[in-house]
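Trainee: I would like to go through this entry and check the wording against the cut-offs. Where shall we start?

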Amino acid sequence: MGDDLFRLTVHEAAHLLARREVSSRELTAAVLDRLQGVEGQLNAFVTLTPELALEQARQADERLARGEDVTPLTGIPAAIKDVICTLGVRTTCGSRMLENFVPPYDATVIVRLKRAGLVMVGKTNMDEFAMGSSGENSYFGPTRNPWDRERVPGGSSSGSAAAVAADACLYALGSDTGGSIRQPAALCGIVGLKPTYGRVSRYGLVAFASSLDQIGPMTKDVTDAALVLQAIAGHDPNDSTSAPVEVPDYAAGLMPDVKGLRIGVPREYMGEGVEEGVRQAVTDAIERLAEMGAEVDWEASLPSTPYALACYYIIAPSEASANLARYDGVKYGYSYTEGASMWENMERTRQFGFGAEVKRRIMLGTYALSAGYYDAYYLKAQKVRTLIRREFESAFQRYDVLVTPVSPTPAFRLGEKLEDPLQMYLSDVFTIPVNIAGLPAISVPCGFSQGLPVGLQVIGRPFDEATVLRVAYAYEQAAGWRHRRPPL
Amino acid sequence: MPIDRDEVLHIARLARVGLSEEDVHRFQEQLSQILDYFQVLQELDTSEVPPTSHVLPLQNVMRDDEPGASLPSQEVLANAPQREGDFFKVRAVFEE
């Protein structure tokens, strides 16, 4: 089995490590080999850290030998989205602006994973500053979809999704502001979980839109998502928006049982614009859940859904325009120094340091917040945010979870939407409302359309990741899609 | 709602983003299109709806003001594009 170690899930590998049938060093070497073999075709990584990984594997093996402090993640090779600060390892955010930025501290999620026994194989490629839905907005070139290299892997956690799908790591971390974990997970045929806003600390996550951003797991199956969430969730005094809410035992809650569970299917998510193969796969998956004993209501409704996209593309760029004001070429990052004045240097730094989409969003946000337009755009969007939130709240009085497609289409072709920002924005139309309302949601594979993976989205009540995971787990166990692999 | 060239330049200045002539052209067109799309929100009556800036019921999260360790200044300064001694070096803010 030695050659195929890289194909293991986290929980499978953890069993072998705990029984000392395999060492973390062997597992890590197998994953690094695999990574070297596929990276040329995918461009999933910005920075590789093989030496660090082997050293961390050595430490994990010592820990496993002592049998002390062993967790399900001890010695398991992982990839980290390059938006998460890693002490001493450059963190680029997919941008020229941070091409040479080496963080002097670890994000809280990294501190926690290190405590659990992290083995980090590298930092993954992404849309610049997490702005994009295809991975094509990276300064370091686009990532390709392992299922079809002419297609995008989705974004913005493009490299994390491709790396997990291609077995170039056993799990990855992503971040999700409007769908950036779930949409690439769906397009690459893996599991991606966006936790409730406040569930996971954002300390050390390079900020895009602070009221929407969350870090979450990207994994080969639902059990692994539960294990990784367990390791990173919980209150952090370094993030004042992290919630002091107890974290349950997620793995213990995974039961293949949905009997009597009330599932709502909001009809606004199954209408026009959903590609036929996606609709079919999602419909089949929901019927499967009904056969397993869930009570499905196909006529649920969230009437403000058509307004969510506009609401998001006002709020997120507004917050981004403020957050990205810090990139001035003075303290760190790319710096233009040839200008005639301080102001010229600052403007040129931002002109050459940021790519087109980042500048577009800074401009949009600045406009929406500027004198004379604030009420018509930003304040209006915040009020619509209240309407969207309230509709979810009232839906969750009748249903335990809502299920929808993750993305209206399977993976599109590289270049297809690059020159049409509005079309690109539309690929997040079903994931964005979840961020606006701050809810937990998962993408779990539910079949194929045109030979490309399709994802089912399960949305839950605030801080009820446990139910979201249980529904996804029950479906996954019944459906068995995990056994189909990309041709790599 | 088309925006004109002067508006694009005004926003760019507020955001301190330098733009090439081509950028100005492209952004004028694309931003107009996107702002036009935003008009859909005007269909909703929100006169009685309070705004949401944040989904959690958290307010004024306070902690005790206890001194702790700071990041070592040499490590922080290691990322500085230009430095002089233990300072970040910048161009003069006030012009002569």
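Trainee: Which strands of chain A does helix 7 lie across, and at what angle does helix 7 run to strand 6 of chain A?

Mentor: Helix 7 (residues 222-232) of chain A lies across strand 4, strand 5, strand 6 and strand 10 of chain A, at about 145° to strand 6. Helices (H or I, at least four residues) and strands (E, at least two) are DSSP runs numbered from the N terminus. Angles run from 0 to 180 degrees between N-to-C directions of axes fitted to C-alpha atoms, for helices over the stretch in contact. Contact requires C-beta atoms, placed from the backbone, within 7 Å. The model is predicted: local features need pLDDT of at least 70 and side-chain atom pairs 80 or more, while totals for chains, interfaces and linings use all residues. Residues are numbered from 1 along each chain as its sequence is written, with chains lettered from A and ligands numbered from 1 in the order written.

Trainee: What is the strand order of the open sheet in chain A?

Mentor: The sheet has 11 strands in the order 1-3-2-4-6-5-10-11-9-7-8, with mixed pairing. Strand 1 (45-48) and strand 8 (295-300) of chain A each have a single partner strand, so one side of each is left without a neighbour in the sheet. The twist averages 30° from one strand to the next.

Trainee: How do you know that strand 10 of chain A is paired with strand 5 and with strand 11?

Mentor: Pairing needs at least two DSSP bridges. Strand 5 (residues 191-194) and strand 10 of chain A have 3, in the antiparallel sense, with Gly192(A) opposite Ser443(A). Strand 10 and strand 11 (residues 452-459) of chain A are joined by 7 bridges and are also antiparallel. Gln457(A) of strand 11 is the bridge partner of Ser443(A), and Pro445(A) stands opposite Gly455(A). Strands 10 and 11 of chain A form a hairpin with 2 residues between them, and Gln450(A) in the turn has a positive phi of about 55°.

Trainee: Why is strand 10 of chain A called largely enclosed?

Mentor: Buried means 20 or more other C-beta atoms within 10 Å of the residue's own. In strand 10 (residues 441-449) of chain A, 7 of the 9 residues are buried, so the rest of the structure largely encloses this strand.

Trainee: What makes helix 8 of chain A roughly perpendicular to helix 15 of chain A?

Mentor: Roughly perpendicular covers 65 to 115 degrees. The axes of helix 8 (residues 276-291) and helix 15 (residues 465-479) of chain A come within 10 Å and cross at roughly 100°, which makes the two helices roughly perpendicular. Ala285(A), Arg288(A) and Leu289(A) of helix 8 meet Tyr475(A), Ala478(A) and Ala479(A) of helix 15.

Trainee: And what is the angle between helix 11 of chain A and helix 1 of chain B?

Mentor: Their axes come within 9 Å and cross at roughly 95°, so helix 11 of chain A and helix 1 of chain B are roughly perpendicular too. Ile362(A), Met363(A), Thr366(A) and Tyr367(A) face Ile11(B), Ala12(B), Leu14(B) and Ala15(B) in this contact.

Trainee: How many residues does each chain give to the contact between chain A and chain B?

Mentor: Chain A gives 54 residues and chain B gives 44. Helix 12 of chain A supplies the largest share of the side of chain A that touches chain B, 11 residues.

Notes:
Angles under 35 degrees count as roughly parallel, over 145 as roughly antiparallel, 65 to 115 as roughly perpendicular and the rest as oblique. Two residues are in contact if their C-beta atoms, placed from the backbone, lie within 7 Å. A residue is buried if 20 or more other C-beta atoms lie within 10 Å of its own, exposed if 12 or fewer, and partly exposed in between; C-beta atoms are placed from the backbone.
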